[in-house]
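Subject: Structure handover

Hi there,

Here is the structure I promised to pass on to you. Please open it alongside this message, and then read on for what turned up in it.

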Amino acid sequence: MFEELSLHILDIAMNSLAAGARTAQITVAEHARRDRLTIRIQDDGCGMDEATLKRVLAAPVSTKRHRKKAIGLGLALLRQTAEMCGGEFHVRSAPGAGTTVTATMQLSHVDRPPLGDLNATILALCAANPAVDVQLHYLGDTERFHFSSLERAEKKVASRPNPFWSGEEKTNYEPGRTQKVERESAAAGCLA
Amino acid sequence: MNLEELKKLKEKAQRQVALREGNRKYRVVVSMGTSGIAAGAREVMKTMLDEIEKRGLDDVEVRVTGEVGLEDVEPVVRVEEAGGEKTTYARLDAEKAKKIVAEHLERGKKVDNLAVGKEKKPE
């Protein structure tokens, strides 16, 4: 069991690098109003076929592991953490189409591990393979930013007043919409 | 955590890239599989990068690998010398990592009490 969510992220993203990803996108969305924490690790690596995916998602395999057979354990640990904290866990993958791992948690859940040192996680990933574009999209209630180790998508989004306090209705965070919104805003940045 | 901090980290990582292309004397390989991460490999690696930078060692590159089959003695770090000699250090923490940088990587003296396994002489 990992004591920090950022360690889970490092563990899962290391698999992305092993899958030959060129880009690994890490999204951390804290939504206090909906009491939800969403973590997504999305890569454009080799992906998994259905059989492999099924095997990987089966209950934690034996801890008696041989070299290179950590298959299953990292995901199983994250799933355990997510489900323990009133959340859900999904993996979407297809051969050649990359893999997306999403875990949600109840933000205020008493068992929810802290995010921990995300910086150290990013540093470790950059050092692991500098050719991979490691992106971090942090979407908090008051602060948002996008980091890219290869500067393809880096930008800081102006912090907005917390709608929780101002009473203003806030667009719900929709998984899957992140990228599109970013591209639009990136394009807007180019035009400006 | 904020964007500025992350940018500084990126610079640190980029210096590492430059090292990979230049002349190097030592290569440090940190085991960063699930077991390594759970045992604290991330902090060990971060400490080593900080310490290498602090001491201005420009002939050391730091890399990361997956499971190395030493799950019970993680965190594990392997130091490879340009000549081919390899030393494996196990059960590390931040303090021990600093010691390895100071003794082995800076002065070229192995830290015998932290090393495990048989010495592998270059073939």
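Helices here are DSSP runs of H or I with at least four residues, strands are runs of E with at least two, and both are numbered from the N terminus. This is a predicted model, where local features need pLDDT of at least 70, side-chain atom pairs count only at pLDDT 80 or more, and totals for chains, interfaces and linings use all residues. Residues are numbered from 1 along each chain as its sequence is written, while chains are lettered from A and ligands numbered from 1 in the order in which they are written.

α3(B) has 14 residues and spans 20 Å from its first C-alpha to its last, close to the 20 Å expected at 1.5 Å a residue (the expected span is 1.5 Å times one less than the number of residues). Because 10 of its 14 residues are buried, α3(B) is largely enclosed by the rest of the structure. Buried means that 20 or more other C-beta atoms lie within 10 Å of a residue's own, exposed means 12 or fewer, and partly exposed is in between, with C-beta atoms placed from the backbone. Among the buried residues of α3(B) are Val44(B), Met48(B), Leu49(B) and Ile52(B), and also the charged Arg42(B), Lys46(B) and Glu51(B).

α3(B) also meets a helix of the other chain. The axes of α4(A) and α3(B) come within 10 Å and cross at roughly 75 degrees (axes are lines fitted to C-alpha atoms, for helices over the stretch in contact, and angles run from 0 to 180 degrees between N-to-C directions). The two helices are therefore roughly perpendicular, a term for angles of 65 to 115 degrees; under 35 counts as roughly parallel, over 145 as roughly antiparallel and the rest as oblique. On the α4(A) side the contact is made by Ala120(A), Thr121(A), Leu123(A), Ala124(A) and Ala127(A), and on the α3(B) side by Arg42(B), Met45(B) and Lys46(B). Contact means C-beta atoms, placed from the backbone, within 7 Å.

Now for the interface as a whole: 24 residues of chain B are in contact with 28 residues of chain A. On the chain B side, α1(B) gives the largest share, 9 residues. That side divides into 12 nonpolar, 5 polar and 7 charged residues (Ala, Val, Leu, Ile, Met, Phe, Trp, Tyr, Cys and Pro are nonpolar, Asp, Glu, Lys and Arg charged, and the others, Gly among them, polar).

Chain B itself has 4 helices and 5 strands, which run α-β-α-α-β-β-β-α-β from the N terminus. Of its 123 residues, 42% count as buried.

A few backbone details are worth a look too. The peptide bond from Glu74(B) to Pro75(B) is cis, with omega near -5 degrees, and Pro75(B) sits in the loop between β2 and β3 of chain B. Asp35(A) is not a glycine, yet has a positive phi of about 55 degrees; its place is the loop between β1 and β2 of chain A. Arg91(B), also not a glycine, has a positive phi of about 50 degrees and lies in the loop between β4 and α4 of chain B.

Happy exploring!

Note on methods
Two residues are in contact if their C-beta atoms, placed from the backbone, lie within 7 Å.
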